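Reader: I have not looked at this structure before. Could you take me through some of its details, one question at a time?

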Amino acid sequence: MRPFYLSTNRCGYYVVAFSNKETGTRTVYKSTHTKDYNEAMCIAMKWYTVGAPEKNTRLVDSETSDFDFNNLLQRLTSTEAKTLFDMLASKFGFSVSVQATADPTPQVAAPAAVVAPTPSVEAPEKKVVVVHKKNALSDSGMIPADVAAKVYEPLNPECTMKLCEFLVNFWTPEKSEYIQNKRAHKKTIGDYHCKEMRGMVNRYWLPFFGEEFTVGELTEQYLEDFLQELANFRCLKGATINHARTCGATGLKWLKNKGIIHSNPMANVEAFSKSDATPRGIPDEKEIKALYELDWNNEVMYLAFNLSAFSGLRPGEISGLQVRDIDSEKDLITIRHSWHRTGFLKSTKTNLIRKVPVAHNIILRLLVQAQRCPGANEETFVFWSKANDYKPFLPQYYDDGFFEALHKIGVSEEERKERNIDFYSLRHFCATYLANMTDMRNVQAVLGHTTPAMTKHYANHMTDEHFDSIRDIFEQCRMSIIQAAA
């Protein structure tokens with residue numbers, strides 16, 4: 001496992017995440033604020049040695065700051081420079097304005113006036129810069145300005161709750177009646193999901209609407225502008241935009257159901273298409289053969305690779321596998337749980353239990369791996385973590401080991417990203433290969449690739465003969481790849 005990983009975000013800037021070898025987890029990606037690989041690598045190495053800063057460097061006196069003003073100025077366009085100055089003016093109270101020009105060379109005089117507050121004067125209270133524009137629709141020229149203004153008139157003027165403050169509280173379990181009620185009805189809303197939703201508020205909603213914008217002021221057009229801003233200026237993909245949309249839509253629907261607002265402004269705001277998502281790639285047969293023959297030097301990764309590539313298990317199902325799930329007489333494993341990436345045992349993706357045939361030698365090695373755990377018993381996780389032997393490795397652990405294995409067989413980081421290959425790709429390989437060799441009902445029943453009703457129908461009619469037939473196919477798949485000419 002590498003100490004850190006460099007990647008690029010949607011806008012082309014390098015971001016870095018650091019690895020924890022004990023738990024197999026990574027930190028969240030942090031931007032290096034540069035598009036130069038060598039510069040980003042130096043920054044990442046410095047952060048790995050002395051620790052990454054908790055927050056982004058603020059704009060202060062250039063003589064006492066490490067902030068690279070020249071790098072910033074070189075990247076800014078004239079329009080971006082004006083937007084930046086407007087944001088600085090809003091925060092620090094500048095009275096001078098800067099007009100955007102068509103000249104592509106940034107003409108920014110404002111930063112010279114940016115100074116830190118003097119010690120004798122109390123620093124102004126931190127405020128969030130509001131970037132939404134109330135005249136966005138009228139500026140488009142599609143409809144007259146007076147008509148466009150009506151689209152922004154408050155829908156629920158009687159509701160004076162601050163929008164972003166409400167959303168943060170709504171996704172805080174200790175404060176949210178919605179979450180407490182769901183949990184009382186045995187419906188799972190995990191703390192990690194709530195944390196993600198609060199993060200969406202702080203990253204996307206708050207910078208757009210600001211701290212003072214109220215629920216009552218919200219309109220459908222404001223929400224349309226907000227989502228367009230995420231797409232056009234934040235360069236986010238459809239799935240992420242929809243996640244941010246859901247963050248607010250759930251809270252607004254709850255307010256409408258409670259009668260706190262009489263009109264839900266999100267009701268007619270459409271979700272974005274996910275067609276811009278990059279299709280997941282899969283390794284080819286030669287690569288699978290090379291991976292199988294590779295000296296992994298890691299029993300956990302070797303077994304995880306086999307279970308995913310030749311039995312089609314999901315990463316979470318691999319982590320959730322326990323000793324009691326292994327039938328060494330029939331060479332079957334029962335998939336009844338999945339370990340969530342945030343650290344708890346849950347049901348499978350389809351909430352159904354299924355059985356999967358596994359090669360006999362892999363069955364034996366799984367049992368041996370489990371027995372290495374101190375105090376091993378029937379409920380011991382096969383893929384127990386050395387950091388905490390009562391818990392398994394997190395599902396994302398397998399990505400790191402798989403990426404290292406791909407590198408060893410000659411698949412570079414750049415190629416892997418271009419082909420969009422990750423550990424889950426092994427399950428896709430298994431499904432694709434089997435679909436060409438056996439009845440789709442068998443594939444659906446073993447891999448759980450259908451709706452719960454269909455999966456249950458086929459799984460209930462799986463006999464020992466069916467399992468023997470599929471086991472032969474799995475073994476044929478394995479042997480055909482292993483014996484294939486390089």
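Author: Phe310 counts as buried, at 1% relative accessibility. This is a predicted model, and the values here are computed from it.

Reader: Which charged residue sits over the ring of Phe310?

Author: A charge counts as sitting over a ring only if it is within 6 Å of the ring centre. The charged end in question is 4.5 Å from the centre of the Phe310 ring. It belongs to Arg478.

Reader: Phe310 also pairs with Phe305; what kind of aromatic pair do they form?

Author: The ring centres of Phe305 and Phe310 are 6.0 Å apart, with 85° between the planes. Planes over 60 degrees apart put a pair in one class. For Phe305, the relative accessibility is 0%, so this residue counts as buried. The pair of Phe305 and Phe310 is edge-to-face.

Reader: How many aromatic pairs does the structure hold?

Author: Some of the aromatic residues come together in a cluster, with Tyr152, Trp205, Phe208, Phe209, Phe213, Tyr222 and Phe226 as its members. For the structure, the number of aromatic pairs is 24.

Reader: Which kind of pair do Tyr292 and Tyr302 form?

Author: Tyr292 belongs to helix H11 (residues 285–293) and Tyr302 to helix H12 (residues 299–311), so the pair links parts of the chain 10 residues apart. Tyr292 is buried at 17% relative accessibility, and Tyr302 is buried at 10%. Their rings are 6.4 Å apart from centre to centre, and the angle between the planes is 50°. That pair is tilted.

Reader: Which strands stand at the edges of the open sheet?

Author: The sheet has three strands in the order S5-S6-S9, and the pairing is antiparallel. Two bridges join S5 to strand S6 (residues 332–335), and in S6 the bridge partner of Asp327 is Leu332. An edge strand has a single partner strand, so one of its sides is left without a neighbour in the sheet. The edge strands are S5 (326–327) and S9 (354–357).

Reader: With which side chain does the side chain of Thr334 make a polar contact?

Author: Thr334 is in strand S6 and is buried, with a relative accessible area of 10%. Leaving aside residues up to four places away in sequence, Thr334 touches Leu321, Asp325, Ile353, Arg354 and Lys355. The polar contact of its side chain is at 3.1 Å, and the partner is the side chain of Lys355.

Reader: What separates the C-alpha atoms of Glu413 and Ser7, 406 residues apart along the chain?

Author: Glu413 is in helix H16 (residues 413–419), and its relative accessible area of 19% makes it buried. Beyond residues up to four places away in sequence, Glu413 touches Arg2 and Leu6. Between the C-alpha atoms of Glu413 and Ser7, the separation is 9.6 Å.

Reader: Over which ring does the charged end of Arg416 sit?

Author: The side chain of Arg416 makes a polar contact with the side chain of Glu413, at 3.2 Å. The charged end of Arg416 is 3.6 Å from the centre of a ring, and that ring belongs to Phe403.

Key:
Residues numbered from 1 in each chain as written. Predicted model: local features only at pLDDT ≥ 70, side-chain atom pairs only at ≥ 80, totals over all residues. Heavy atoms only, no water. Phe/Tyr/Trp six-rings, centres within 6.5 Å; stacked < 30°, edge-to-face > 60°. Helix = DSSP H or I, 4+ residues; strand = E, 2+ residues; numbered from the N terminus. Buried < 20%, exposed > 50% of the residue type's maximum accessible area, 1.4 Å probe, protein only. Lys NZ or Arg CZ within 6 Å of the ring centre and 35° of its normal. Pairing = 2+ DSSP bridges. Polar contact = N/O pair within 3.5 Å; in protein donor to acceptor, adjacent residues only side chain to side chain. Contact = heavy atoms within 4.5 Å.
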